[in-house]
Structure formats: C-alpha cells, structure tokens
Amino acid sequence: MNSTWITDRIGKQVYLHILATEKYKMVSVFAQLESELLRDRATKLALLPQVLMRGTKRYPETTALIRAFDDLYGAAIGARVNKHGDRQTVEFTMQVPHEGYLTSAEGLFASAMQLFAEVIFDPKTEDGVFAKSDVDAEVVLHAQRIENLVNDKIAYAGERCVQEMCQGEPFGIARLGYVEDLPAVTPTALYTTYQELLESSALHIYIVGPVDEQMVKETCSREFGRFMNDQFAEHLITTVSSADLSRQMSDKTERVVIEEMEVSQGKLNVGLRAQSSYEKDDYPALVVYNGILGGFPHSKLFINVREKSSLAYYASSRLEGLKGLLFIQSGIQMSNFERAKDIIKQQLEDMRKGLITDDELNFTKKGLINQYLQSDDQPFTGAVLQMYSRFTGRERSVTQLIEDVRKVTKEDVVAVAQGITSELVYFLRDKEVSQDESQDL
Amino acid sequence: MKAKTYERLHETVYEETLANGLQVFILPKPGFKQTYANFTTRYGSIDSEFTVPSRGERIKVPDGIAHFLEHKMFEEEEGDVFVEFAKTGASANAFTTFDTTTYLFSSTADVEENLTTLLNFVQNPYFTDENVEKEKGIIGQEIKMYEDNPNWRVYFGLLQGLYGQFPVAIDIAGTQESIAKITKETLYDCYYTFYHPSNMTLFVVGAVDPKAILELVKANQLAKDYQALPPIERFYPPLPDGIYRAETEYELDISQPRVLFGYREKNIDATPAARQKREAAVEIWMDCLFGRSSKHYQKLIDDGLTDHGFGSEYELTHLYGHSIFGGNSKKPKELVDTVQKLLHTIADRGIDPEDFERSKKKAIGRFMALLDSPQGIANVFTSQKLRGLDVLTSLDVLQSLDIEDVNEVLKDHVMGNEMAVSIVWPQQAK
C-alpha cells in the first residue's frame with residue numbers, strides 16, 4: 001500500500017498532515033507545539049498539558065470533559081510534554097475507531113476533533129487566566145510526578161547521565177522541570193506561557209487512518225479555523241546544530257559519578273559523545289555503530305557483558321541521535337563494578353581498532369532495516385521523522401534511512417568510533433558494603 | 001484449514017489443528033510490513049508439580065524453572081539462536097507468565113526462514129551442566145532488577161496476601177535460592193512434559209498468505225517424530241479459604257508509598273464462556289467506578305489520596321481469580337478505606353445506567369485499537385485461546401451484557417469478601 005502524506009494549512013498557524021491508509025481500524029491523531037528548551041520555561045511547559053486537560057470552555061469540569069471523550073467510543077486523549085534535542089514540545093494524541101467499523105456512529109471523527117481542538121485552543125479560564133484551583137492541584141501532582149522519577153531505578157540512572165553530561169546546556173534540563181520552580185507557577189504565569197507558546201509555535205497535526213482526506217480537511221478547517229489568529233507569525237527556532245554547540249562545550253575528559261541509594265542491584269551507565277549526529281552525513285554510520293555496540297542481542301555489550309561473563313541481565317546502548325550522545329546501561333552486582341566497566345571499555349576500544357566482524361556489521365544493518373520497516377506499522381513514525389526534519393534541517397525518510405544504512409561500510413563505522421569519547425561513568429550503588437561484596441572478599 | 005470470519009471486524013482467522021496436536025492460527029493483515037509469530041506452550045510459573053509422562057513419576061520442581069527453561073531454549077548445540085534470527089534482521093524474544101511461555105519473532109523479510117527457526121529451536125532442547133550454571137548469574141541479576149522495582153514488589157506482595165502458598169504468589173523468575181537448585185535433568189523433565197505440540201499453539205499475523213504458511217508449518221511438523229501423549233497431570237496446592245494475609249508491607253528507597261489492594265474471586269465459573277462474560281462485566285464496573293471519566297476517580301485525586309496513575313484490573317482463570325486496585329499514595333491506608341467504602345456503596349446501589357452505556361462504548365473502542373497492533377492481537381488472542389476463549393468474540397460478549405449482569409458480578413465480588421492490602425513504603429532515611 002503506497003500511501004503518501006498530504007499537507008494542508010489552516011490559517012497561518014496550523015499545518016495539517018494526512019496519511020489515508022486502510023491498514024488501520026483506528027484513526028490516530030498527533031499534534032505538537034514546540035519551544036526552545038529554557039530553564040525558566042521548562043517547568044511551566046511541563047505543567048501546561050496537565051492543566052489543559054482539566055477542562056475546556058464547553059466542558060469546564062474535568063470529569064465532564066473526559067466523559068465527552070469516552071462517549072466517543074473511548075476516544076483516547078493524551079497530552080504530555082516531551083524533549084527532542086534542545087526543544088521542548090507539548091504533544092497531544094488521540095485515537096478513535098473509524099466510524100465505518102461501528103454501527104450508527106456517524107460524525108464520530110468530527111466530534112472527536114471538535115473536542116481535541118478545544119483542549120488545545122479553548123481551555124477553561126477564570127478572570128482571563130487558568131483557574132487557580134486547577135493550577136494548584138496540578139502543581140501538587142506535578143511535584144509528585146517529578147519526585148517519583150527516582151522510583152524506577154533504570155530510568156532514573158539514565159536521566160542522571162543526561163543531566164551530568166549536559167550540565168549547563170539546554171539538553172541537560174529535565175523534561176518535567178523542577179520541583180523548586182513550581183511555587184512560582186501562578187495561574188497568570190502559566191497562562192502567559194501558554195499564550196506565548198501559541199503566539200510563537202506552529203501547530204503540526206498528523207492524522208493517520210482509514211480516512212477520507214477531503215472530509216478530514218473540512219473537519220479540521222472548521223474545528224481549528226475558529227481559533228486562528230490572523231496576526232500569527234511563527235518564531236522559527238534556529239536550526240544551527242545544537243549537537244555541535246554541545247561538543248564545543250565539552251571538555252572531553254571522563255568523570256566518574258557514584259551515587260548511593262538503598263538498592264539491591266547496581267546500575268552501571270556510561271555516557272559517550274560522538275562527533276556525528278542526526279543532521280550530519282555520517283549519521284547512518286553512527287546508527288550502525290550504536291547497533292554493533294549495544295542495540296541487539298548479537299551486539300558486543302550483550303555478548304560480552306551478559307552471555308560470556310554472566311554479569312548482567314541487561315547490557316545495551318541507546319543513541320540520542322539529535323545530540324550525538326550514546327548511553328550504555330547495565331544492571332550488575334555491586335562487586336562487579338570494575339570488571340563490568342573494563343569489559344565495556346574493551347568493547348569501545350575494539351570498535352576504535354576496527355575489531356568488527358562481518359557478521360556484526362551485517363546483522364546490525366539487517367536488524368536496523370527491520371526496525372525501520374517495522375516502524376512503518378506504527379501510525380506516528382512519519383510524524384516523528386517530519387518533526388526531526390524541521391528540527392535539524394535534515395530530511396530523512398524511512399526509505400532514505402534504509403538506503404543510507406545499507407551503504408554503511410566497516411570503515412565508516414570505524415571513522416565514527418574514532419570520534420567517540422567516553423565522558424561519564426555513572427554508578428548507582430548501595431550505601432554500605434553489600435552482602436554479596438563481603439562474601440566475595 | 002478452517003476460515004472464521006468476524007464480519008463486523010473485517011477480520012478472518014484461519015485455523016487448523018495438525019496431526020500432532022499443534023493448533024495453528026493465521027491472521028492476515030494486509031498493508032502491514034511486519035510478520036509477527038508467537039509459539040506458546042500452556043506452561044508457566046504456576047506449574048511446578050506434575051507427572052513426568054515418560055516414567056509416570058510425580059515431581060515438584062524449583063520455583064522459577066519455567067522461566068529458566070525459556071532462557072535456556074535459546075541455546076543450541078550449534079550456538080546461540082539469536083544469531084539465526086539476526087541473519088535475517090528479525091527480532092526474537094520470549095516471555096513467561098503464570099500459565100504460559102511464549103517464543104516470538106517479528107520480521108519484515110524471510111518469514112519462512114524465521115518461522116522455521118522458531119519452530120525448530122523451541123522443539124530442540126539442549127541443556128548442559130555448564131550452560132545451566134552460566135544462566136544462573138544472568139537470571140540472578142534479572143531477579144535483583146525486579147527486587148528494586150516498586151511496582152513488581154507491591155504486586156507480588158499483594159498476590160502473597162491473596163494466595164499464600166498458592167503458586168501464583170511466587171515470583172515468575174523464582175528466587176536466588178530456588179534457581180540455584182535447577183539442573184539440566186529437571187529442565188528436561190519440564191520440557192518433555194509441557195512442550196509437546198498438543199500442548200502448544202502457533203499464531204502468525206501479518207501480510208501473509210495463510211495457505212503457504214500452513215503448508216510450511218505442516219511440513220515442518222510432519223518431519224518430526226512426535227508420539228501421542230496422555231493428558232498432562234498438573235497438581236496445585238489447595239487455594240486458601242479467603243485471603244491468606246490482610247496486610248503485606250515492605251520498604252524500598254522510593255519517593256512515596258505505593259499501594260495495591262484487591263479481592264479474591266469466589267466464583268470460578270465452570271465454563272470459559274461464563275468466565276469471559278464475568279471478565280467483561282468486571283471490566284465495565286471497574287471503568288464505571290475508577291475510569292478516568294469517573295467522578296470517584298477525580299475525587300480520589302483531588303482529595304490528595306492518589307494520582308492519575310490510579311487504576312484497577314481483574315484476572316480470572318479456571319484456577320484462580322482476583323481484582324487489583326491502587327497506585328501511588330501519600331496516605332495509602334486512607335485510600336484503601338475510601339475505595340473499599342465506595343465499592344460497598346456502589347455494590348449496594350448499583351452502577352449508573354449512563355456510566356454503563358459509556359463504559360461499554362469505551363470497551364468497544366479499546367478492543368478495536370488492539371486489532372491495529374499485530375503483537376497485541378497475537379498475544380491476547382493466544383493467551384485467551386489457551387484459556388478456552390476467543391477474544392475476537394469480545395464485542396458480542398460486550399453487547400450481550402446488561403446492567404443487571406454487571407451489578408450482580410460487582411456485588412458478588414465485593415460483598416462479604418475480605419480485602420488484601422500490599423504497601424511498599426519509602427525507606428526510613430538512614
């Protein structure tokens with residue numbers, strides 16, 4: 001099925017992207033606003049989607065608003081803050097069954113889009129700003145949301161690595177913001193942030209499913225058109241490589257950070273910086289590098305840390321493509337810290353030296369191509385790639401990525417490997433000499 | 001090959017039971033790039049006591065062995081099975097639940113080759129003293145990882161409160177001590193008891209030709225020499241009368257308490273159809289009471305008793321059943337009391353007819369969403385099939401429910417039943 005994206009505009013602010021495909025039974029909607037990632041705005045933007053979900057002018061009661069969505073066959077609405085490179089985005093998603101698969105459900109999509117548009121553009125207000133009771137309640141919940149990050153130790157260790165490696169740069173700012181910034185978030189301050197966002201950011205809406213393009217265009221023009229501001233002028237965020245700026249800021253020396261908590265498993269993470277990133281020509285080689293190092297069960301980390309040494313259940317690496325950063329993660333016994341670290345370092349060294357087998361290269365390329373093709377079975381893949389194209393000025397489609405990965409040679413990977421520096425060793429460990437350690441000694 | 005078409009869903013499932021007893025299901029999904037296959041045995045963590053067919057001996061095996069076996073299946077005399085899948089770019093994996101073990105792959109090319117690999121490796125055990133020992137370090141770390149996870153801890157804490165020694169309360173991966181006892185001989189006993197094709201299903205979904213897939217599977221299975229086996233004898237300790245323990249508490253280094261609580265299901269219906277109907281009815285009342293659009297849900301949050309993660313779920317099999325409610329809470333005991341009172345009030349009064357209609361519609365929408373995920377539909381279809389149910393009839397079951405059914409099921413579950421509570425507290429600062 002060769003479906004292609006159709007793009008349309010509504011007013012000056014809204015870009016509508018439609019992919020009509022019979023492959024799905026659901027219509028999926030993704031909408032996104034963006035801002036630079038700024039310390040003094042991050043917390044407010046993180047709170048904004050929560051407050052928008054509290055109520056609209058038509059449905060000022062939260063429960064009534066969610067009921068309105070539920071009445072539409074449980075149209076699943078979600079609103080969240082996200083971080084992509086040096087940008088913070090406010091993202092809205094909705095999934096609603098295509099009415100053709102239901103009996104007497106005409107107008108389902110239109111009703112859902114009406115509600116969806118109102119959540120973004122027509123929130124409940126009091127005295128011209130968000131309701132104080134809503135903001136206060138969400139401030140308390142958001143403080144807990146931030147504090148709860150520590151409860152998932154794998155995610156927590158990963159987040160700590162980002163903060164440690166990117167101190168002082170936008171990417172080091174926490175996605176959810178900061179507890180200490182919450183007291184300053186008043187209804188007026190938050191509403192001002194909301195207005196600034198709507199005055200500066202275009203809204204990109206992606207709609208994927210068994211839809212009629214014309215009907216989608218008409219519905220969206222009607223539902224979003226009523227909120228359009230003729231004066232809107234998009235504030236374009238600079239597309240200068242933020243990865244390059246980060247590289248300049250880095251002093252390229254390795255730091256060791258050890259954090260103690262009451263845990264039974266140690267989390268050993270390593271932060272790496274590459275000279276390549278999404279917008280560069282050698283990005284596909286970086287993707288292959290990450291795959292060989294730790295993206296698959298045939299990768300060096302899995303084979304050497306887990307299969308050969310039985311030191312870990314998980315040992316993998318993750319690429320933050322927009323920033324050219326890689327993060328290795330593993331869960332180990334406390335006493336195996338040095339051993340596991342040495343094995344990890346050896347893999348990095350082996351890659352620099354070009355000790356990469358043909359199987360490692362070929363399996364990785366095939367595995368990546370498989371992942372890219374599979375991503376096409378998820379409705380929002382196209383949206384994310386288009387978003388990244390706008391953010392970096394570098395257009396990459398699934399087809400192009402596959403083509404590029406296919407062409408990567410071992411020499412390309414080694415060239416990337418030689419530009420990679422290890423900047424952080426992070427270890428989350430227990431507070432005292434642990435049982436298993438004392439036994440080993 | 002039988003074709004079963006679900007008119008309203010525009011889906012057709014092809015199925016056939018092969019001569020050796022293997023049940024094969026194929027769901028064509030035109031337009032999808034991936035093919036997803038899952039090969040599942042009706043054998044999970046709760047099956048720790050059974051008769052070994054070859055010698056008629058009843059044995060009890062160490063906790064966590066079904067999961068251990070799952071790990072060890074990926075090793076063959078020729079080497080690691082992951083390599084075989086990696087050659088085509090396929091991604092392979094496996095998981096163990098209370099009552100099933102599933103091996104799976106998804107790929108966008110070389111489907112025949114990958115399907116053959118899947119069938120062959122699961123049907124070819126290779127255990128040695130050495131490779132069994134090696135795995136203990138890896139699984140030991142998997143267990144450690146879960147020990148630090150508050151969701152997992154609070155969940156098994158609740159299951160212990162609900163079930164005591166009944167095996168559903170035992171961690172699927174076992175403990176460091178139990179896995180230390182696992183040997184290759186015991187693994188073979190488990191393997192030959194539970195991995196006979198007649199105890200297994202294969203589900204393939206994707207842009208495939210059902211005929212070609214079935215031919216391949218048939219030829220592959222015919223070439224293997226399987227003798228018919230008598231029905232598997234499994235033994236379970238008796239369920240405790242009522243709950244085993246009212247409160248289970250634990251401490252971890254976390255920011256705020258996490259609490260789960262629930263009831264055991266007294267009515268373990270005799271037929272799969274009755275269980276399917278009960279499950280659907282519970283899903284409806286749970287959504288009416290604690291779904292995001294419920295005023296009770298919003299009030300729990302506004303009163304500072306929990307956050308947006310508060311939720312509920314229900315599980316029912318032919319052996320056991322229970323409900324679970326809960327989430328994060330600064331005041332876990334107050335949350336439990338409030339929810340319990342609410343459950344009693346609504347069980348007494350009945351749910352609101354408008355809520356009932358809305359929840360039904362929502363359940364229909366959520367079911368449709370499942371059909372868009374090859375992996376989702378394959379896994380749910382299989383786990384339901386192994387419990388004797390057809391998940392694709394869910395819509396009909398939902399339509400057939402009326403509000404009286406739902407109220408009765410709610411009353412039955414809640415009234416006169418004792419609740420078990422599990423709390424993981426933040427560690428006292430040292």
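Select A:Lys23 and B:Phe32. The charged end of A:Lys23 sits over the B:Phe32 ring, 5.1 Å from its centre. Here a charge sits over a ring if NZ of Lys or CZ of Arg is within 6 Å of the ring centre and within 35 degrees of the ring normal. Next, pick A:Lys83. Its charged end sits over the ring of A:Phe171, 4.4 Å from the centre.

This is a predicted model: local features need pLDDT of at least 70, side-chain atom pairs count only at pLDDT 80 or more, and totals for chains, interfaces and linings use all residues. Residues are numbered from 1 along each chain as its sequence is written, chains are lettered from A and ligands numbered from 1 in the order in which they are written, and side-chain values use heavy atoms, without hydrogens and water.

Now the ring pairs. Rings of Phe, Tyr and Trp (its six-membered ring) pair if their centres lie within 6.5 Å; planes under 30 degrees apart count as stacked, over 60 as edge-to-face and the rest as tilted. By this rule there are 45 aromatic pairs over all chains. Select A:Tyr191 and A:Tyr194: the ring centres are 5.5 Å apart and the planes at 55 degrees, so the pair is tilted. Both belong to helix H6 (residues 187-200) of chain A, 3 residues apart, about one helical turn. Helices (H or I, at least four residues) and strands (E, at least two) are DSSP runs, numbered from the N terminus.

Buried or exposed, A:Tyr194? A:Tyr194 is buried, at 3% relative accessible area. Buried means under 20%, exposed over 50%, partly exposed in between (1.4 Å probe, protein chains only).

Last stop: A:Tyr278 and A:Tyr388, an edge-to-face pair, 5.5 Å centre to centre with 85 degrees between the planes. A:Tyr278 lies in the loop between strand E8 (266-273) and helix H9 (283-295) of chain A, and A:Tyr388 in helix H13 (residues 381-392) of chain A, so the pair ties together parts 110 residues apart in sequence.
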